[in-house]
Amino acid sequence: MFRRRMLDRLEHMLDDAVNGTFKESDYDESVLSRVETKWKQFLNASALSRENLERDRNRIKELVSDISHQTKTPMANIRLYVELLGERIEEEENRMLLEEIGRQTEKLEFLIQSLTKLSRLESNIVEVKPVRQELSGLLAESLEDIRPKAEKKEIELCCAYAGGVSALYDKKWTKEALGNVLDNAVKYSPEGSGIQISVMEYEMYAAISVKDHGIGIREEDTAKIFRRFYRADALQQEDGAGIGLYLAREIVRRENGYIKVKSKEGKGSEFVLYLRKEDN
């Protein structure tokens with residue numbers, strides 16, 4: 001009888017803790033009373049930890065937002081000054097230097113934006129909220145965004161998708177993930193080549209494939225390319241910060257999906273984003 005009463009009380013303690021209504025009963029020297037006291041101490045410590053965690057999260061949110069806001073004006077001013085100087089400078093050597101300032105400004109702006117997105121995602125300042133929707137809009141907007149870069153290199157974007165496939169995804173963030181994969185495909189593909197985008201449907205997943213005919217990835221680098229800030233030795237002189245693929249994987253992972261890559265050095269790469277079709 002005593003054991004049953006103790007188990008019932010322990011069950012009530014756990015239920016009250018889950019509901020946030022736990023109160024310690026009058027203390028006596030019994031084992032159950034000592035357990036209640038320890039349990040109350042644990043809950044108080046946990047509540048304090050949650051408060052500290054939420055406080056730290058808010059501080060990070062404010063810091064990231066402040067950095068993002070404070071850098072916009074200087075970057076815009078630099079671009080403006082570059083344009084104004086470009087109208088006045090005639091010497092070829094000075095013009096070349098000015099163009100290089102413009103390129104470096106674009107790189108810095110891209111890096112700031114990428115780090116801001118990464119910080120917001122990792123600190124859960126923004127949440128990835130998948131909803132069931134068709135893939136046409138995602139593909140159309142992603143291709144439209146990357147098309148200017150592809151046209152500069154005369155790279156043909158070929159999308160073989162007839163429509164009708166739906167999946168669970170957050171359009172804004174998945175567009176970021178797919179855009180990063182497409183950006184890499186364009187960046188590391190030779191001029192005049194092509195990139196194929198297709199959709200495959202499986203029982204549990206809808207898969208978006210991006211296949212290029214670029215430089216490919218060495219076998220020893222395949223397992224590392226999704227690491228944050230990782231860049232292969234052969235790409236150290238290329239533009240980039242090693243954030244895009246890491247960010248893409250994190251976004252898709254938070255949607256309960258995953259990314260796979262098939263590649264061979266010198267023979268191109270294929271990245272496949274697997275998006276869940278149904279809730280777990």
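Me: What percentage of the residues of the chain count as buried?
Reply: This is a predicted model, in which local features need pLDDT of at least 70 and side-chain atom pairs count only at pLDDT 80 or more, while totals for chains, interfaces and linings use all residues. Residues are numbered from 1 along each chain as its sequence is written, and side-chain values use heavy atoms, with hydrogens and water left out. Taking buried as under 20% relative accessible area, with a 1.4 Å probe and protein chains only, the share among the 280 residues of the chain is 35%.

Me: Which residues have the most contacts inside the largest nonpolar core?
Reply: A nonpolar core is a set of buried Ala, Val, Leu, Ile, Met, Phe, Trp, Tyr and Cys residues joined through side-chain atoms within 4.5 Å. The largest one here has 43 residues, and those with the most contacts inside it are Leu 135, Ile 208 and Phe 271.

Me: Which helix gives this core its largest share?
Reply: Helices are DSSP runs of H or I with at least four residues, numbered from the N terminus. The largest share of the core amounts to seven residues, and these come from residues 171-187, helix α5.

Me: At what angle do helices α4 and α5 pack?
Reply: Axes are lines fitted to C-alpha atoms, for helices over the stretch in contact (heavy atoms within 4.5 Å), and angles run from 0 to 180 degrees between N-to-C directions. By class, the contact of α4 with α5 has eight nonpolar, three polar and six charged residues. The axes of α4 (residues 136-152) and α5 lie 9 Å apart, and the angle is about 35 degrees.

How values were computed: Buried < 20%, exposed > 50% of the residue type's maximum accessible area, 1.4 Å probe, protein only. Helix = DSSP H or I, 4+ residues; strand = E, 2+ residues; numbered from the N terminus. Nonpolar A, V, L, I, M, F, W, Y, C, P; charged D, E, K, R; others polar.
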